[in-house]
Amino acid sequence: MTISGTYQTQHGELTIIQYNEIIMATYQEDGCCSGVITGNTVNGIWKNKKDSGIFCWNFDAENSFSGNYKSGLTEGAMRGKWDGKRTSSQEKNTNQFGLQFEIINDSNQQSELTISISETLLDVS
């Protein structure tokens, strides 16, 4: 299943880039998501300026998805709704993209994790 494209959601415009089973997405001004697609379901994490958490989106054949999300990275009930309808698509999956995370541990020490994925290389630094 290819899901790359732009979607209109109740949380604003969501743009998804897919590379094989890995997706990365942006939404609003500062939100990002990453996840893994299995069949027609994407499970992943989201982050914006104020919060972060996990999500699950289920795609249908009509270019739409319905899903749920929650704050926090621990397992638990996902009560927030996150649904979308594709408004434009990309003809092909991309062959390269990247994502950068800012990680803050319990002692408020900050570090960065950068992930770059290309057709022949996965680089984590």
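Which residues do ring pairs link into a cluster? In this predicted model, the cluster consists of Tyr7, Tyr27, Trp46, Phe55, Trp57, Phe59, Phe65, Tyr69 and Trp82. The structure holds 11 aromatic pairs. Two of these pairs are described below, after the overall fold.

The protein chain contains 12 strands and 0 helices. Read from the N terminus, its elements run β-β-β-β-β-β-β-β-β-β-β-β. Of the 125 residues, 36% count as buried. The chain exposes about 7800 Å². Carbon and sulfur atoms supply 46% of that area. Among contacts in the chain with a separation of 6 or more, 32% come from residues 24 or more positions apart.

The mean pLDDT is 82, and 71% of the residues reach 70 or more. Among the elements, β7 has the highest mean pLDDT, at 97. Strand β12, residues 122–124, has the lowest, at 42. Over residues 119–125, pLDDT stays under 50. For this stretch the model has 15 contacts beyond four places in sequence.

Strand pairing was examined next. Strand β1 (residues 5–9) and strand β9 (residues 84–89) run antiparallel and are joined by 5 bridges. Threonine 9 has glycine 84 in β9 as its bridge partner. Strand β9 also pairs with β7 in the antiparallel sense, over 2 bridges. Here serine 64 stands opposite lysine 85 in β9.

A pair of aromatic rings is described by two quantities, the distance of the centres and the angle of the planes. The structure holds 11 such pairs. In one of them, the ring centres of tryptophan 46 and tyrosine 69 are 5.8 Å apart. Their planes stand at 90°, so the pair is edge-to-face. Tryptophan 46 belongs to strand β5 (residues 41–47), and tyrosine 69 belongs to strand β7 (residues 64–71). The pair therefore ties together parts that are 23 residues apart in sequence. Tryptophan 46 counts as buried, at 6% relative accessibility. Tyrosine 69 is partly exposed, with a relative accessible area of 22%.

A second pair joins phenylalanine 59 and phenylalanine 65. Their ring centres lie 5.1 Å apart, with the planes at 45°, so this pair is tilted. Phenylalanine 59 is buried, with a relative accessible area of 5%. Phenylalanine 65 is buried too, at 3% relative accessibility.

In soluble globular proteins, nonpolar side chains tend to be buried together. The largest nonpolar core in this model has 16 residues. Leu14, Ile16, Trp57 and Trp82 touch the most other members. The elements giving two or more residues to this core are β2 (12–19), β3 (22–27), β4 (31–38), β5 and β6 (52–59). Leucine 14 has contacts well beyond its sequence neighbours. Leaving aside those within four places, leucine 14 is in contact with Gly5, Thr6, Tyr7, Thr9, Ala25, Thr26, Tyr27, Trp57, Phe65 and Trp82.

Arginine 79 lies outside the strands. It sits in the loop between β7 and β8 (80–81). Arginine 79 counts as exposed, at 72% relative accessibility. Its C-alpha atom is separated by 9.6 Å from that of glycine 67, a residue 12 positions away along the chain.

Terms used:
Residues numbered from 1 in each chain as written. Predicted model: local features only at pLDDT ≥ 70, side-chain atom pairs only at ≥ 80, totals over all residues. Heavy atoms only, no water. Phe/Tyr/Trp six-rings, centres within 6.5 Å; stacked < 30°, edge-to-face > 60°. Helix = DSSP H or I, 4+ residues; strand = E, 2+ residues; numbered from the N terminus. Buried < 20%, exposed > 50% of the residue type's maximum accessible area, 1.4 Å probe, protein only. Contact = heavy atoms within 4.5 Å. Areas by Shrake-Rupley, 256 points an atom, 1.4 Å probe, with all protein chains shown as cover. Core = buried A, V, L, I, M, F, W, Y, C linked by side-chain atoms within 4.5 Å. pLDDT = per-residue confidence, 0-100. Pairing = 2+ DSSP bridges.
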